[in-house]
Amino acid sequence: MIDANELRKGVTFELDGSLYKVLDYSHHKPGRGLATIRIKARNLRSGATIDKTFSSSERIQDVRLDYHMVSYLYKDGDRYIFMDNTTYEQPSIGADMLDDAVNYLTENLEVKLTFFEGEPLDIELPTSVELKVVRADPAVRGDTATGVNKSVETETGLEVQVPAFVEAGDVIKVDTRSGEYVTRV
């Protein structure tokens with residue numbers, strides 16, 4: 001059991017028989033009385049999100065998770081197949097559980113896969129990934145004085161705002177936390 005004050009972004013806990021991962025967290029301390037902790041959490045099995053408020057005195061059931069480094073292999077229907085780098089097992093995760101992470105998955109990308117009692121639940125992406133630009137609008141001549149951005153599409157289908165000099169065929173680095181352009185590689 002953990003104290004509600006220990007809930008932070010990324011913490012996984014059990015509530016009413018379901019596993020949840022904290023996506024957003026806020027701590028509110030009124031002038032008198034107990035503090036409240038408001039969280040937004042995602043159910044790791046169904047992908048649904050909930051908003052929940054806890055009193056600072058509440059206790060929550062924590063869970064023991066295992067982590068394995070895996071490489072992304074391919075997509076099979078709505079399942080994403082990975083390979084464990086040490087045991088060569090091939091666990092798979094549904095697209096509904098991965099949410100926006102599918103926009104950053106490229107072949108052979110190494111990620112940290114979260115397991116609970118042998119069941120793969122979630123992945124942790126690296127902070128940035130390199131993606132190839134497949135579609136880029138042409139830059140407008142004379143539009144360089146103000147640092148104008150344009151929208152491009154990457155190999156995974158992700159739309160990213162980039163500087164005007166990025167062209168189709170370029171490889172760019174994208175921050176996986178915000179989805180923003182970092183640099184051209």
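Analyst: A definition comes before the pairs: a salt bridge here is a side-chain nitrogen of Lys or Arg within 4 Å of a carboxyl oxygen of Asp or Glu. Keep in mind that this is a predicted model.

User: How many salt bridges does that rule give?

Analyst: The count comes to nine salt bridges. One of them joins the side chains of Arg45 and Glu119, with N to O at 3.2 Å. This pair links distant parts of the chain, 74 residues apart: Arg45 sits in the loop between strand 4 (36-43) and strand 5 (49-55), and Glu119 sits in strand 11.

User: What does Glu159 pair with?

Analyst: Glu159 forms a salt bridge with Arg135, and the closest N and O atoms are 3.1 Å apart. Glu159 is partly exposed at 41% relative accessibility, and Arg135 is partly exposed at 31%.

User: And Lys150?

Analyst: Lys150 forms a salt bridge with Glu167, the closest N and O atoms being 3.8 Å apart. Lys150 lies in strand 13 and Glu167 in the loop between strand 14 and strand 15, so the pair ties together parts that are 17 residues apart in sequence.

User: Which residues do shared partners join into a network?

Analyst: Salt bridges that share partners join Arg135, Asp137, Glu153 and Glu159 into one network.

User: Back to Glu167. What does Glu167 touch?

Analyst: Leaving out residues up to four places away in sequence, Glu167 touches Val133, Ala136 and Lys150. The loop that holds Glu167 runs between strand 14 (159-163) and strand 15 (171-175). The C-alpha atoms of Glu167 and Val152 are 8.3 Å apart in space, while the two residues are 15 residues apart in sequence.

User: Val133 is on that list. Where does Val133 sit in the pairing?

Analyst: Val133 stands opposite Thr154 in strand 13. Strand 12 (residues 128-136) and strand 13 (residues 149-154) pair in the antiparallel sense over three bridges. Strand 12 also pairs with strand 15 in the antiparallel sense, over five bridges. Glu130 has Lys173 in strand 15 as its bridge partner.

User: Switching topic. What order do the strands take in the open sheet?

Analyst: The order is 9-8-7-10-11, five strands with antiparallel pairing. Strand 9 (92-94) and strand 11 (119-124) stand at the edges with a single partner strand each, so one side of each is left without a neighbour in the sheet. From one strand to the next the twist averages 45 degrees.

User: What holds strands of a sheet together in general?

Analyst: Strands of a sheet pair through backbone hydrogen bonds, parallel or antiparallel.

User: How many bridges are there between strand 7 and strand 10?

Analyst: Six bridges, in the antiparallel sense, between strand 7 (residues 66-76) and strand 10 (residues 110-116). Met69 stands opposite Lys112 in strand 10.

User: Now the whole protein. How many helices and strands?

Analyst: There are one helix and 16 strands. Of the 185 residues, 38% are buried.

User: What is the radius of gyration?

Analyst: The protein has 20 Å, whereas a compact globule of 185 residues would have a radius of gyration near 16 Å. Taken along the principal axes, the C-alpha atoms fill a box of roughly 60 × 50 × 25 Å.

User: And the surface and contacts?

Analyst: The accessible surface comes to about 10,700 Å², and 45% of that belongs to carbon and sulfur atoms. Among contacts with a separation of 6 or more, residues 24 or more positions apart account for 43%.

Definitions and conventions
Residues numbered from 1 in each chain as written. Predicted model: local features only at pLDDT ≥ 70, side-chain atom pairs only at ≥ 80, totals over all residues. Heavy atoms only, no water. Pairing = 2+ DSSP bridges. Helix = DSSP H or I, 4+ residues; strand = E, 2+ residues; numbered from the N terminus. Axes fitted to C-alpha atoms, helices over the stretch in contact; angles between N-to-C directions. Contact = heavy atoms within 4.5 Å. Rg over C-alpha atoms; globule rule 2.2 N^0.38 Å. Buried < 20%, exposed > 50% of the residue type's maximum accessible area, 1.4 Å probe, protein only. Areas by Shrake-Rupley, 256 points an atom, 1.4 Å probe, with all protein chains shown as cover.
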